[in-house]
Amino acid sequence: MLGFAYHSPTTTQEAATLLVSNDDNARPMAGGTDLLVQLNSGRAKFSAVIDLKRVPGAIGVGENGSCFIVGAATSAAQIGEHAGICRAWPGLVEAVKLIGSTQIQSRASLGGNLCNASPAADTVPAMIAAEAICDIVGPNGRRIVPVESFLLGPGRTCLKAGEYVLTIRIPKRPRNSADAYLRSIPRTEMDIAIAGAAVSVTLDTKGMISAARVALGAVAPTAILVPEAGAAILGTKLDADSLDALEEAVRRATQPISDKRGTIDYRVKVAGTLARRASLRAYQRAEGQP
């Protein structure tokens with residue numbers, strides 16, 4: 001029999017208070033698709049689970065003048081059906097739709113995928129490429145943290161006692177820009193990535209890349225931004241030399257491990273190839289191609 005208390009707070013402060021009052025042995029729950037598996041398998045033991053779904057702002061997709069505001073407990077299915085995000089960030093939506101099965105996506109969330117802090121999480125590189133920002137709530141108020149600074153290591157985040165992610169802000173796109181996400185897995189469906197790459201590009205009026213962000217997953221202790229890879233394709237139309245330079249920058253940035261899914265050498269090679277292909281896909285989308 002699992003022994004833990006279940007709470008469903010209805011305010012941001014109540015959620016923070018419940019987290020603090022359980023002596024750092026409580027966990028916030030968004031969708032629960034990772035947390036409940038950990039509890040049921042005995043890999044984790046918590047005194048309390050704080051379900052965030054009734055906290056205002058935790059579920060739903062809103063917009064303001066500069067960004068989309070995604071509740072941390074919003075299901076992957078709901079995000080994948082949002083027309084604005086699908087138009088602006090098709091690569092992020094590609095990553096969201098890779099979270100488990102269709103059934104899992106009805107519960108799994110962007111916030112949960114982030115806070116689980118798996119190095120292989122599909123949506124995290126895509127959020128990093130998109131310059132997404134976390135809105136964090138805690139007993140001392142609110143703070144914002146870029147996604148690339150949120151993760152500290154496998155299973156570790158920058159959250160302090162009593163803190164949780166309430167929303168994730170994703171900026172609106174400038175004209176002539178797009179993104180893409182690609183991953184490699186051992187099987188055809190529902191497996192953990194060997195490597196993943198997300199690329200976001202913006203083009204100038206001549207079709208040259210004026211801004212680029214490249215992020216990787218499953219090849220380091222956390223998902224990582226690779227500024228050198230983005231810099232390698234600036235001012236280009238993705239000619240062979242710039243793509244070679246991007247690929248080399250990606251391979252230098254990787255810090256993978258060998259496990260049953262793939263060796264270090266294989267992961268390094270695949271990461272470069274995925275980044276190259278994702279760059280080409282993002283560029284084509286920015287040009288207006290499907």
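Reader: With which side chain does the side chain of Asp-135 make a polar contact?
Author: This is a predicted model, where local features need pLDDT of at least 70, side-chain atom pairs count only at pLDDT 80 or more, and totals for chains, interfaces and linings use all residues. Residues are numbered from 1 along each chain as its sequence is written, and side-chain values use heavy atoms, with hydrogens and water left out. A polar contact is a pair of N or O atoms within 3.5 Å; within protein, one must be able to donate a hydrogen and the other to accept it, and residues adjacent in sequence count only if both atoms are side-chain atoms. At 2.5 Å, the partner of Asp-135 is Thr-167.

Reader: Is Asp-135 buried or exposed?
Author: Asp-135 lies in strand S6, residues 133–138. Strands (E, at least two residues) and helices (H or I, at least four) are DSSP runs, numbered from the N terminus. Buried means under 20% relative accessible area, exposed over 50%, partly exposed in between (1.4 Å probe, protein chains only). Asp-135 has 11% relative accessibility, so the residue counts as buried.

Reader: Which residues is Gln-38 in contact with, leaving aside neighbours within four places in sequence?
Author: Gln-38 sits in helix H2, residues 35–41. Its relative accessible area is 17%, so Gln-38 is buried. Contact means heavy atoms within 4.5 Å. With those neighbours left aside, the partners of Gln-38 are Arg-43, Ala-44 and Asn-116.

Reader: At roughly what angle do the axes of H11 and H12 cross?
Author: Axes are lines fitted to C-alpha atoms, for helices over the stretch in contact, and angles run from 0 to 180 degrees between N-to-C directions. The axes of H11 (residues 240–253) and H12 (residues 264–286) come within 8 Å and cross at roughly 140°.

Reader: Which term describes H11 relative to H12?
Author: Angles under 35 degrees count as roughly parallel, over 145 as roughly antiparallel, 65 to 115 as roughly perpendicular and the rest as oblique. The crossing angle is roughly 140°. That makes H11, relative to H12, oblique.

Reader: How many residues of the contact of H11 with H12 are charged?
Author: Asp-244, Glu-247 and Arg-251 are among the H11 residues that meet H12, whose side includes Lys-269 and Arg-276. Asp, Glu, Lys and Arg count as charged; Ala, Val, Leu, Ile, Met, Phe, Trp, Tyr, Cys and Pro as nonpolar; the others, Gly among them, as polar. Eight residues are nonpolar, three are polar, and the charged ones number five.

Reader: What is the relative accessibility of Ala-275?
Author: Ala-275 is in helix H12. Its contacts include Leu-246 and Val-250, along with Ala-197, Val-199 and Val-214. Ala-275 counts as buried, because its relative accessibility is 0%.
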